[in-house]
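Try each task before reading its solution.

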Amino acid sequence: MSRSSPPEGRELTRQRVVEAAAGLLAREGREAVTTRAVAAAAGVQPPAIYRHFADMDGLLDAVAEHGYARFVEDKRAIPAPDDPVEDLRAGWDLAVEFGLTNPALYAMMYGEPRRGSDSPAHRAGMELLLGRIRRIAAAGRLRVDEALAAAVIHATARGAVLTWLSLPEDRRDRALLTAMRESMVTAVTTEKPAVRDPGPAGAARALRAALPQQSTLSEAEQHLLCEWLDRLAAGG
């Protein structure tokens with residue numbers, strides 16, 4: 001059996017340290033994630049941690065990235081419902097359930113806004129969310145523009161989890177989560193396709209969402225049309 005090359009060995013050690021820190025966070029909370037405790041759990045000497053991470057904040061960033069990556073992998077494994085609004089509900093429920101089952105990690109990831117917010121896994125998760133929103137827009141059922149919809153969906157999921165975690169266990173009621181989810185759905189979607197309603201706004205949003213699939217227009221033409229459609233959608 002061949003020995004690992006130094007770069008491979010370093011990466012394995014780094015991964016072991018991240019997983020050890022994530023495990024401590026899940027079992028014992030944020031205060032338990034110390035240099036000494038992580039080193040003992042990972043089976044390395046404390047100085048080894050600082051060969052991979054500039055400081056403990058860097059390690060916690062890596063733990064957040066690890067959490068985002070796992071979340072994105074779970075999201076991708078679930079088939080999307082045919083109805084785009086039901087798909088939105090399913091994605092929201094999955095995001096909330098991840099927070100409820102990983103409270104310490106979630107509180108670190110979302111209670112500290114800068115943590116992991118520009119990681120590759122976080123960007124991949126946002127792309128999945130934007131894909132759900134575009135499906136709704138293409139069906140003519142998006143009530144607001146895509147950027148605002150993403151902000152509302154993200155804020156309500158994060159608020160639901162952090163509020164739930166702040167409550168005493170005997171006051172945690174699943175009806176709260178359902179009510180927040182349905183208020184989000186009402187805020188960003190319509191019951192019927194907006195393109196059936198009078199006015200150009202719904203049609204503009206639907207066409208705007210479908211543009212990436214077309215190949216007839218040149219890049220310049222598509223850019224100009226996008227500008228017009230954005231103005232029509234905002235005006236509605």
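**Exercise 1. How much space lies in the largest pocket? Find the residues that line it, too.**

Solution. Start with the ground rules: this is a predicted model, in which local features need pLDDT of at least 70 and side-chain atom pairs count only at pLDDT 80 or more, while totals for chains, interfaces and linings use all residues. Residues are numbered from 1 along each chain as its sequence is written, and side-chain values use heavy atoms, with hydrogens and water left out.

Step 1: On a 1 Å grid over the protein atoms alone, a pocket is an open set of points with protein on both sides within 12 Å along at least five of seven lines, whereas a cavity is a set of points where a 1.4 Å probe fits but cannot get out; lining residues have an atom within 4 Å of a point. Grid points are joined across faces, edges and corners, and a volume is the space filled by probe spheres set on the points.

Step 2: read off the volume. The largest pocket holds about 260 Å³. Its lining has 15 residues, and Asp145, Glu146, Arg208, Asp230 and Ala233 are the closest to the centre.

Step 3: sort the lining. Nine of its residues are nonpolar, none polar and six charged (Ala, Val, Leu, Ile, Met, Phe, Trp, Tyr, Cys and Pro count as nonpolar, Asp, Glu, Lys and Arg as charged, and the others, Gly among them, as polar).

Step 4: Helices H7 (120–138), H10 (201–210) and H11 (219–235) each supply at least two lining residues; helices are DSSP runs of H or I with at least four residues, strands are E runs of at least two, and both are numbered from the N terminus.

**Exercise 2. How many helices and strands are in the protein chain?**

Solution. Step 1: count the elements. The protein chain has 11 helices and zero strands.

Step 1: look at burial. Of the 236 residues, 40% are buried (under 20% relative accessible area; exposed is over 50%, partly exposed in between, with a 1.4 Å probe and protein chains only).

Step 2: look at contacts (heavy atoms within 4.5 Å). Among contacts with a separation of 6 or more, 69% join residues 24 or more positions apart.

**Exercise 3. Which residues touch the most other members of the largest nonpolar core?**

Solution. Step 1: define the core as a set of buried Ala, Val, Leu, Ile, Met, Phe, Trp, Tyr and Cys residues joined through side-chain atoms within 4.5 Å.

Step 1: Val17, Val33, Val38, Leu59 and Val63 touch the most others among the 53 residues. Helix H4 (residues 56–76) gives the most to this core, eight residues.

Step 2: zoom in on Val33. Setting aside residues up to four places away in sequence, Val33 touches Ala21, Leu24, Leu25, Val38, Met56 and Leu60.

Step 3: check for another core. A second, separate one has five residues, including Ala204, Leu211, Leu229 and Ala233.

**Exercise 4. Which residues lie nearest the centre of the largest cavity?**

Solution. The volume of the largest cavity is about 290 Å³.

Step 1: list the lining. Its 22 residues include Phe71, Lys75, Ala95, Tyr110 and His154, which lie nearest the centre. They divide into 15 nonpolar, four polar and three charged.

Step 2: assign the lining to elements. H4, H5 (84–101), H6 (103–111), H7 and H8 (146–166) each supply at least two residues, and H7 gives the most, with six.
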